[in-house]
Amino acid sequence: MARSAGIIAAAGSGERLGASLPKALVQIAGISLIERAFASLSKVVDEIIITAPAGYEDQFRVIFGESAKIVTGGATRSKSVHLALEAISPDVNFILVHDAARAFASSELAEQVLAHLRAGEVAVIPGIEITDTIKSINVDNYVTITPDRKFLRAVQTPQGFTRALLIRAHGAQEEATDDAALVEVLGEKVKIIAGEQSAFKITTKDDLLTAYHLVYGNKTKEFKTGVGVDLHAFSSDPSRPLYLAGLKWDGEVGVDGHSDGDVAAHAICDALFGAAQLGDLGSNFGVSDPRYAGASGAILLGETLKKVNEAGFIISNVSVQIVGNRPKIGARRKEAIEALSDALGGASVSVTATTTDGLGFTGEGKGIFAIARALIYKI
Ligand code: CTP
Ligand code: MG
């Protein structure tokens with residue numbers, strides 16, 4: 001039987017979503033969008049090429065191992081697909097191009113697209129009927145025409161093509177918002193088949209909420225909140241590195257303590273465990289458990305997120321305040337927020353800091369203290 005390949009475009013930054021990590025790595029219930037898109041498509045095609053954002057290739061390789069080829073994406077979606085095309089095995093006949101952002105498109109939809117290719121179509125794309133009336137406008141915002149809604153479709157991915165046609169289309173024109181548009185320019189027939197609501201594209205925060213509803217059902221939100229604190233004394237060993245808020249602080253003396261001593265990360269873990277009523281850092285990871293002896297704050301946050309998600313909760317936001325004379329947080333606040341948010345699957349994180357006017361152990365420069373609050377919810 002003819003061989004098929006899937007390209008998953010996942011190299012976008014997700015600007016409109018506004019998360020601190022690329023959109024494809026944003027998690028819903030502990031599973032990233034790219035993993036979800038891969039899970040559906042890999043059931044249908046023989047090989048998969050994923051375009052990763054520059055700098056994230058290794059992270060993608062860790063997720064997928066041998067099961068997908070990872071290539072660095074380009075500056076636009078079309079360029080990313082173009083680059084992925086070059087990595088497809090020579091014996092592949094049919095190619096399905098998919099968006100990581102359409103993480104909930106079903107395997108059945110991909111199967112339908114492929115079936116139409118096998119039946120002789122050269123380009124097959126899913127589309128859904130439009131319920132709104134669509135207007136075409138000019139640059140001055142005046143309506144030019146109102147196309148008949150009956151003949152309009154909102155199109156989705158995966159879009160399927162014969163290999164030769166897709167390569168020819170990408171060779172003839174560089175840019176379009178989908179691959180079918182490149183094929184249309186060549187005058188080739190593009191067949192629309194019935195799309196599905198769940199193949200919607202996750203673009204904004206509202207779309208993410210729609211995705212949560214898909215996973216968890218549309219129930220009333222049940223909010224829970226928790227607090228966590230952690231403190232450690234500065235080490236008497238001046239060569240001990242300092243880890244705080246998911247970052248390594250060069251030139252600063254570290255703290256004594258279990259694992260890497262990241263008080264901000266540990267306070268957040270306890271706040272999350274507290275909110276989800278899942279015990280605390282000690283009861284989950286065990287001070288005596290050798291697996292966590294050198295664990296980084298990021299790893300503990302990731303494990304905590306997994307447990308909180310498994311209990312059916314989603315993080316609304318996490319706020320942590322670091323109390324101490326040093327290090328100075330302000331200059332690296334953005335980096336700290338990003339590191340903590342990445343470790344928590346893209347959750348909303350804020351980091352504040354204060355000194356204590358020379359009072360107490362933090363004021364005397366003896367150690368660092370952190371207090372965190374987490375808000376989580378079930379939907
Ligand atoms: N994409 C890509 N390479 C790019 C741009 C986008 O592979 N240079 C991918 C995205 O990762 C996404 C799909 O194309 O899965 C559809 O793009 P879109 O939803 O616009 O995602 P982003 O470009 O990441 O989002 P935004 O436009 O809001 O930045
Ligand atoms: Mg985009």
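1. T51 stands opposite V71 in β5. Four bridges join β4 to β5, and the two strands run parallel. Strands pair here if DSSP finds at least two bridges between them. Strands (E, at least two residues) and helices (H or I, at least four) are DSSP runs, numbered from the N terminus.

2. This is a predicted model: local features need pLDDT of at least 70, side-chain atom pairs count only at pLDDT 80 or more, and totals for chains, interfaces and linings use all residues. Residues are numbered from 1 along each chain as its sequence is written, chains are lettered from A and ligands numbered from 1 in the order in which they are written, and side-chain values use heavy atoms, with hydrogens and water left out.

3. β4 also pairs with strand β1 (residues 3–9), in the parallel sense, over five bridges. G6 has I48 of β4 as its bridge partner. Six of the six residues of β4 are buried (under 20% relative accessible area; exposed is over 50%, partly exposed in between; 1.4 Å probe, protein chains only). E47, I49 and T51 lie on one side, I48, I50 and A52 on the other. In a regular strand the side chains alternate between the two faces of the sheet.

4. Which residues of helix α2 (residues 57–64) are buried? They are E57, F60 and F64. They sit on the same side of α2 because they cover an arc of only 65° around the axis, taken from the directions from the helix axis to the C-beta atoms. An α-helix has 3.6 residues a turn, so residues three or four places apart point the same way. The cover includes α1 (33–41), β4 (47–52) and β5 (69–72), with contact meaning heavy atoms within 4.5 Å. Exposed D58 and V62 are on the face turned away from the buried side. G65 follows α2 with a positive phi, near 50°.

5. Strands β16 (residues 314–323) and β18 (residues 367–378) run antiparallel, joined by nine bridges. V320 has A372 in β18 as its bridge partner.

6. Ligand 1 is surrounded by 19 residues, with A9, G14, E15, S80 and K201 the closest; the criterion is a heavy atom within 4 Å. A backbone N or O atom of G74 lies 2.9 Å from a nitrogen atom of ligand 1. For a polar backbone atom of T76, the distance to a ligand 1 nitrogen atom is 3.2 Å.

Technical notes:
Polar contact = N/O pair within 3.5 Å; in protein donor to acceptor, adjacent residues only side chain to side chain.
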